[in-house]
Protein chains: 2
Amino acid sequence: MRSVAVAGIGKTPFGALTAENIRSLAVTASRKALSDAGIEPGQVEAFYLGNFAGPSFVGQNHLAPYIAAETGITGVPCTRFEAACASSGAAFFHAWSAVASGIYDTVLVTGVEKMTSQTTPRVAEILAGAGDTAGEMRAGATFPALFAMIATRHMYEFGTTREHLAAVAVKNHANGALNPDAHLRKRITIEQALAGKPVSTPLTVYDCSLVSDGAAAVVLTSKPGAVRVAGIAQTSDHVALDRKATITTFPAVRAAGEKACRMAGVTPQDIDFAEIHDCFTIAEIIALEDLGFVPKGQGGPFTAAGHTALNGRLPVNTSGGLKSKGHPVGATGVAQICDLVLQMRGQAGERQVERHRRGLAQNLGGSGATCVVTILEAA
Amino acid sequence: MRSVAVAGIGKTPFGALTAENIRSLAVTASRKALSDAGIEPGQVEAFYLGNFAGPSFVGQNHLAPYIAAETGITGVPCTRFEAACASSGAAFFHAWSAVASGIYDTVLVTGVEKMTSQTTPRVAEILAGAGDTAGEMRAGATFPALFAMIATRHMYEFGTTREHLAAVAVKNHANGALNPDAHLRKRITIEQALAGKPVSTPLTVYDCSLVSDGAAAVVLTSKPGAVRVAGIAQTSDHVALDRKATITTFPAVRAAGEKACRMAGVTPQDIDFAEIHDCFTIAEIIALEDLGFVPKGQGGPFTAAGHTALNGRLPVNTSGGLKSKGHPVGATGVAQICDLVLQMRGQAGERQVERHRRGLAQNLGGSGATCVVTILEAA
């Protein structure tokens with residue numbers, strides 16, 4: 001396999017962007033990434049689009065050529081990849097595979113979601129499509145309800161507390177407040193987080209990620225660059241929670257983390273900082289454990305002790321994460337890559353971390369049925 | 001690039017299959033293909049799912065791991081590919097790429113669509129999502145209306161007649177009547193086709209493909225086999241008809257055909273038989289021209305002269321095509337591959353053609369924004 005570099009990154013701000021549509025968002029991010037890489041649209045040999053539910057949110061399907069042509073790309077393979085909240089992680093994985101194996105030298109990977117629209121009142125139902133609609137959804141379980149069950153069980157098994165969950169939210173809001181592109185730039189206190197409006201007990205509104213619009217894009221190339229993909233893996237598992245042996249650990253996350261580390265020739269302790277899929281606060285805690293950063297059950301205390309803060313041992317979600325930066329579902333996986341690269345280039349402004357040679361991104365689909373883990377390394 | 005063999009095929013019947021759901025259809029086809037290839041689910045290294053609009057038709061998204069896990073496949077990359085009516089063609093192309101380039105030795109590609117459901121009354125609107133919803137759909141143009149404009153212009157430019165269109169329908173219905181898995185096994189006459197209920201002038205109900213449920217699957221492997229992929233290409237173009245320089249030729253089809261032939265080292269005249277994307281009768285006529293089987297404008301007369309019949313010079317859609325076999329959108333691309341392989345193995349029963357050493361499949365997305373062309377060759 002050849003070495004693959006992230007040659008360019010581009011993002012729109014995340015938020016409720018009522019003046020934009022799904023195509024304008026994706027085209028903006030795509031053009032920024034191409035420009036950042038110094039690549040013309042005509043040089044792109046294949047286009048990989050991550051999008052979860054464009055047809056459901058805005059009625060537009062066949063999105064890959066729809067966006068590519070407007071970006072100036074025609075004639076080449078243009079394909080939409082869907083893997084729930086890991087849609088653009090999956091697009092990135094397949095794009096990396098193609099460049100690493102020598103099929104293409106230069107490709108564009110874009111993720112997009114337009115969630116605020118006239119279908120927003122149906123957002124919980126559309127998101128529930130990432131779970132088992134015939135079982136979980138029919139039983140009334142939205143995603144907050146599924147992760148509430150996971151949190152409750154994690155509390156029971158490992159003594160995780162509401163304060164641990166709140167510590168994730170407080171930290172991610174603090175980081176997001178420093179990110180000019182974040183959806184919700186608002187610092188919160190532990191007290192506020194604990195007193196949040198209940199969504200699905202024990203989760204409050206401060207435990208849940210945001211409903212956002214946004215897009216992110218990266219150019220991957222076989223030419224040597226400042227940032228390269230050192231390790232990557234995409235894995236899968238059952239979709240329905242009731243088909244899993246345990247709900248406090250995600251085998252797909254463990255396997256993706258192990259494979260990516262093995263490919264990079266590193267251990268979790270060699271990672272300088274990470275972007276982790278905090279769709280809910282409990283998801284960040286479980287991912288810290290499943291990725292091997294801490295022993296099982298220690299994700300909460302590790303966070304509460306400040307080790308994942310900007311100045312901590314392992315800064316996590318320096319972008320603000322899905323909680324504060326926002327979570328336009330199909331954009332999230334590629335946005336994580338953009339945020340890693342910003343740090344690795346020393347361009348993260350007020351939230352710049354000191355050690356930024358090796359970053360890890362973890363993108364989760366549904367309640368653990370898809371996971372993509374990527375490790376980037378400075379050349 | 002390594003040689004890639006189609007080691008196994010599996011299909012469900014196509015039709016209005018009310019007792020089946022989207023997962024049961026896909027799992028049935030997948031298991032048949034694995035069994036045909038003599039492969040255990042645990043040997044599958046990656047799963048490629050083609051599906052156009054499962055979330056819109058039946059509310060279920062995140063379909064790749066949902067279907068894979070039920071088939072016995074977990075832990076590996078499981079991803080849904082969407083490219084409108086070429087969704088499973090795109091999945092097949094990416095799967096072929098991965099095996100040809102040495103990433104995997106054994107992969108499963110499945111296509112599925114469940115179109116008859118409580119959302120069937122919205123089928124025209126859901127299908128219109130494959131076009132430009134902000135332009136074409138807003139102006140009231142469903143897909144039959146778009147292809148009616150294409151047909152009208154083709155008639156004006158090249159003298160194509162209603163009788164030419166009807167000849168495509170009569171031939172595909174005759175073939176489908178011999179296919180036990182076809183949706184509509186009914187021979188029709190030219191008179192019947194011409195007297196069909198109007199859908200969008202000049203197209204009648206006999207010019208339009210069917211709204212079907214169904215699934216198809218293939219196993220691709222790097223091991224030598226009886227049938228190998230000799231040439232393949234995926235290409236793209238603008239989605240909206242009004243963005244194209246002409247609407248009587250599809251540049252994406254021409255490019256995909258030329259690239260696939262170049263890779264296979266053949267000319268169109270070396271192809272023994274073909275499965276062509278006859279979403280509308282005019283689409284088969286235009287594809288015959290764009291793929292280089294006949295000069296521009298000669299698709300209608302070539303068909304009316306019987307050259308594409310079972311015993312003709314170039315048998316086209318021996319399966320019955322989308323017109324008679326049925327068109328469960330996301331299944332169509334892989335179903336075409338299955339139908340080529342059936343002929344190449346000499347297992348096509350009453351519709352078996354004499355020369356079946358080299359077959360071509362053409363899978364179209366939308367009104368020409370995506371095209372995948374595959375050439376299979378007997379070893």
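Where is the place of A:Asn317 in chain A? Select A:Asn317 and you'll land in the loop between H12 and H13 of chain A. Keep in mind as you click around that this is a predicted model.

**Stop 1: two residues with positive phi**

Stay on A:Asn317 for a moment. Its phi is near 60°, a positive value in a residue other than glycine. Most residues other than glycine have a negative phi. A:Asn317 counts as buried, because it has 27 C-beta neighbours inside 10 Å.

Now jump to A:His62, in the loop between H2 and H3 of chain A. Here too phi is positive, at about 55°, although A:His62 is not a glycine. Is A:His62 buried or exposed? With 30 C-beta neighbours inside 10 Å, A:His62 counts as buried.

**Stop 2: the cis peptide bonds**

Select A:Thr201 and A:Pro202 and show the backbone. The peptide bond between them is cis, with omega near 10°. You'll find A:Pro202 in the loop between strand E5 (198–200) and strand E6 (203–204) of chain A.

Then switch to chain B and pick B:Thr201 and B:Pro202, which are also joined by a cis peptide bond, with omega of about 10°. B:Pro202 sits in the loop between strands E5 (198–200) and E6 (203–204) of chain B.

**Stop 3: helix H8 of chain A**

Next, select residues 162–176 of chain A, which form helix H8. Its 15 residues reach 21 Å from first C-alpha to last, close to the 21 Å expected at 1.5 Å a residue. Twelve of those 15 residues are buried, so H8(A) is largely enclosed by the rest of the structure. Among the buried ones are A:His164, A:Lys171, A:Asn172 and A:His173. To see what they pack against, show helices H7 (143–158), H9 (190–194), H11 (281–290), H12 (299–304) and H13 (321–324) of chain A.

**Stop 4: helix H10 of chain B**

Over in chain B, highlight residues 251–264, helix H10. This one has 14 residues and reaches 20 Å, close to the 20 Å expected at 1.5 Å a residue. Its buried residues include B:Ala252, B:Arg254, B:Gly257 and B:Cys261. What covers them? Just after the helix, click on B:Gly265, which takes a positive phi of about 70°.

**Stop 5: where the chains meet**

Zoom out and show both chains. How many residues of chain A are in contact with chain B? There are 46, in contact with 47 residues of chain B. On the chain A side, the elements giving two or more residues are helix H2 (54–58), helix H3 (63–71), strand E3 (78–82), helix H4 (87–100) and strand E8 (227–236). Sorted by class, that side has 22 nonpolar, 21 polar and three charged residues.

Now select E3 in each chain. E3(A) and E3(B) pair in the antiparallel sense over three bridges, and A:Phe81 stands opposite B:Phe81.

**Last stop: the axis**

Chain A can be laid on chain B with an RMSD of 0.0 Å by a turn of 180° and a shift of 0.0 Å along the axis. That is the relation of a two-fold axis. Of the residues of chain A, A:Phe81 comes closest to this axis, with its C-alpha at 2.5 Å. The same surface serves both copies, as 100% of the contact residues of chain A recur in chain B.

As for confidence, chain A has a mean pLDDT of 97, with 100% of its residues at 70 or more. For the complex, the predictor gives an ipTM of 0.97 and a pTM of 0.98.

Definitions and conventions
Residues are numbered from 1 along each chain as its sequence is written. Chains are lettered from A and ligands numbered from 1 in the order in which they are written. This is a predicted model: local features need pLDDT of at least 70, side-chain atom pairs count only at pLDDT 80 or more; totals for chains, interfaces and linings use all residues. Helices (H or I, at least four residues) and strands (E, at least two) are DSSP runs, numbered from the N terminus. The expected span of a helix is 1.5 Å times one less than its number of residues. A residue is buried if 20 or more other C-beta atoms lie within 10 Å of its own, exposed if 12 or fewer, and partly exposed in between; C-beta atoms are placed from the backbone. Copies are superposed by least squares on the C-alpha atoms of residues with pLDDT of at least 70 in both. Two residues are in contact if their C-beta atoms, placed from the backbone, lie within 7 Å. Ala, Val, Leu, Ile, Met, Phe, Trp, Tyr, Cys and Pro count as nonpolar, Asp, Glu, Lys and Arg as charged, and the others, Gly among them, as polar. Two strands pair if DSSP finds at least two bridges between them. pLDDT is the predictor's confidence in each residue, from 0 to 100.
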